[in-house]
Amino acid sequence: MTLDFSAIVPYLHMLFAGAKVTIQASLLSVFFGALLGILVGALRVVPVAPVRAIAASYIYIIRGTPLLIQLFLIYFGLPSLGLNLPAFTAGIIGLSINSSGYVGEIVRGGIEAVPKGQWEASKVLGLSYLKTMRFIILPQAIRNMLPAIGNEFVTLIKESSLLSTLAITELTMVGQQVRSVTYASFETFIVVGIIYLVLTSVTSFSLQYVERKWKVS
Amino acid sequence: MSNNGSETIPSDSAASQSAIEVRRLHKSFGSLSVLRDVSLSVGEGEVVSVIGPSGSGKSTLARCICRLEKINSGEIYLYGKRTDGSSHSNRDIARLVGMIFQQFNLFPHLSVLDNLTLSPIRILGLSRGDAVENAMALLKRVGLEEKRNARPNELSGGQCQRVAIARALAMNPKIMLFDEPTSALDPELVGEVLDVIAGLADSGMTMMIITHEMMFAKEVSDRVLFMADGNIVEQGHPKKIFSCPEVPRTQLFLQRMLVHFGKELTEGDEKEACRHDA
Ligand SMILES: Nc1ncnc2c1ncn2[C@@H]1O[C@H](COP(=O)(O)OP(=O)(O)O)[C@@H](O)[C@H]1O
Ligand SMILES: [Mg+2]
């Protein structure tokens, strides 16, 4: 067989629009996922056993079930509780929650890597547990975790393709639409794959650049 | 206050006069009994050095006093306030007692100035302007004004420890505890830190200094405690402890130390002090 990409060219602008939605969804999800993940990670280490157990269960469940099922529960399941969310909103919530499970575990590791002496110095300087966490521990932990959170962003760019199952017109969904019009399946998904690769590569390289800058300063 | 080891348990009125009052303190880690019935009283403005072999419970004693460790039984009073329970906030304790660690424990993500101003602003509620003004005065006192914007990783060990002392003083505590403040330092940096501590002693601060710097302990302290196996085995005026210790355990420890520190520790007119005290 021969590949003929010319059939796709008229639809490239649609694919780019889809890529834009993918980027938006990933950015929003990495943002909310990191916020929620930092909270969960911090709760994961509080000196109150029941709270720790709840945070641990949350992480365990999120990481132990497929993202697709989590998306379905939010988009198709919640309406039975009377909660109808627009597809894009449901998708962002699903991705964010999913991501928070992974970020939570990264944050826990980052917090535990901060030396015990930092807690002790904070305590004798009069800082409460929460203030110690906020001003001393998390700033150090997050700095150590930035590379891992960057990876999480790259992962989200790829995982966001599952949003196509909620009929959100992100890159994968648009790819399916283009294929159904052009019948050029192979060519379409090669192009879609290349666009994903460009997105993840640009993200990785930018993050590495930022990381290097950060280390120097 | 150059009395010997076996003190009677002080009365309540004594507790309200002392800066630090420890009564019948027991502390264990699991089945390991680390402090066994320690009683101790430190007067306002008194400088007490604590010496003794490694593992004898010196750090644990200091950590109990600043409430980094929960105690198993006994009582701790700071300026007459019972502080060993959980009825006081970290803030209340920090206003009474500051602690200096062997490993400095500066906040590496903050500048020197922010290390000093964080607690005064966040805990004492000082304005940023006032906190910075205090901090600069303290940095001047430890000779590090020009390092205000440096990060801890840009400082030498001696500079770090001086910043840590300034940071503790920024909370304006009534008591300062030092847990081997120079043990992590290169030998040539020890002097600058000891100078700062000596200056603090001269200013009338109540201090408890855990140290292996015997010459320093002898010069700076009003009283020396010798600890072994979780007990205060002997205490008294530094001249007496270093020149004519009575308890064999103390004698043995100091003999070993003399190998390191040379004979000057016991030379001079100290034998006079011996005869005088004995
Ligand atoms: N957090 C801890 N958990 C268990 N054992 C400890 C802990 N801290 C200290 N110890 C033990 O308590 C004893 C006294 O320690 P420490 O107070 O540090 O002695 P020193 O400061 O005189 O060297 C040692 O045997 C030490 O191993
Ligand atoms: Mg120690």
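Modeller: The C-alpha trace of chain A spans about 70 × 50 × 25 Å along its principal axes. Keep in mind that this is a predicted model, so local features need pLDDT of at least 70 and side-chain atom pairs count only at pLDDT 80 or more, while totals for chains, interfaces and linings use all residues, and side-chain values use heavy atoms, with hydrogens and water left out. Residues are numbered from 1 along each chain as its sequence is written, chains are lettered from A and ligands numbered from 1 in the order in which they are written.

Now to the part you asked about. Ligand 1 is surrounded by residues of chain B: F29(B), L32(B) and V34(B), plus the run P53(B), S54(B), G55(B), S56(B), G57(B), K58(B), S59(B) and T60(B). A residue gets into that shell if one of its heavy atoms lies within 4 Å of the ligand. By class there are four nonpolar, six polar and one charged residues in the shell; here Ala, Val, Leu, Ile, Met, Phe, Trp, Tyr, Cys and Pro count as nonpolar, Asp, Glu, Lys and Arg as charged, and the others, Gly among them, as polar.

A backbone N or O atom of G55(B) lies 2.7 Å from an oxygen atom of ligand 1, and for S56(B) a backbone N or O atom is 3.2 Å from a ligand oxygen. K58(B) uses its side chain instead, with a polar atom 2.9 Å from an oxygen of ligand 1. Taken alone, ligand 1 exposes 560 Å², and the protein buries 60% of that, going by Shrake-Rupley areas with a 1.4 Å probe. The elements of chain B that give two or more residues to the shell are β2 (32-42) and α2 (58-65), and α2(B) gives the most, with three residues.

Both of those elements lead you to a sheet. Four strands of chain B form an open, antiparallel sheet in the order β2-β1-β4-β5, where pairing takes at least two DSSP bridges. β2 and β5 (81-82) of chain B are its edge strands, each pairing on one side only. β1 (20-29) of chain B runs antiparallel to β2(B), joined by eight bridges. Within that pair, E21(B) has S41(B) as its bridge partner, and L25(B) stands opposite V38(B). α2(B) packs on this sheet, touching β1, β2 and β4 (73-78) of chain B, and its direction makes about 120 degrees with that of β1(B). Contact there means heavy atoms within 4.5 Å, and the angles run from 0 to 180 degrees between N-to-C directions of lines fitted to C-alpha atoms, for helices over the stretch in contact. The hairpin of β1(B) and β2(B) has two residues between the strands, and G30(B) takes a positive phi near 60 degrees there.

Chain B also has a six-stranded open sheet, in the order β6-β7-β8-β3-β9-β10, with mixed pairing. β6 (97-100) and β10 (231-236) of chain B each have a single partner strand, so one side of each is left without a neighbour in the sheet. On average, neighbouring strands of this sheet are turned by 20 degrees against each other, direction ignored. Helix α7 (187-202) of chain B packs on it, touching β3 (47-51), β7 and β8 (206-210) of that chain, with its direction about 150 degrees from that of β8(B).

Conventions. Polar contact = N/O pair within 3.5 Å; in protein donor to acceptor, adjacent residues only side chain to side chain.
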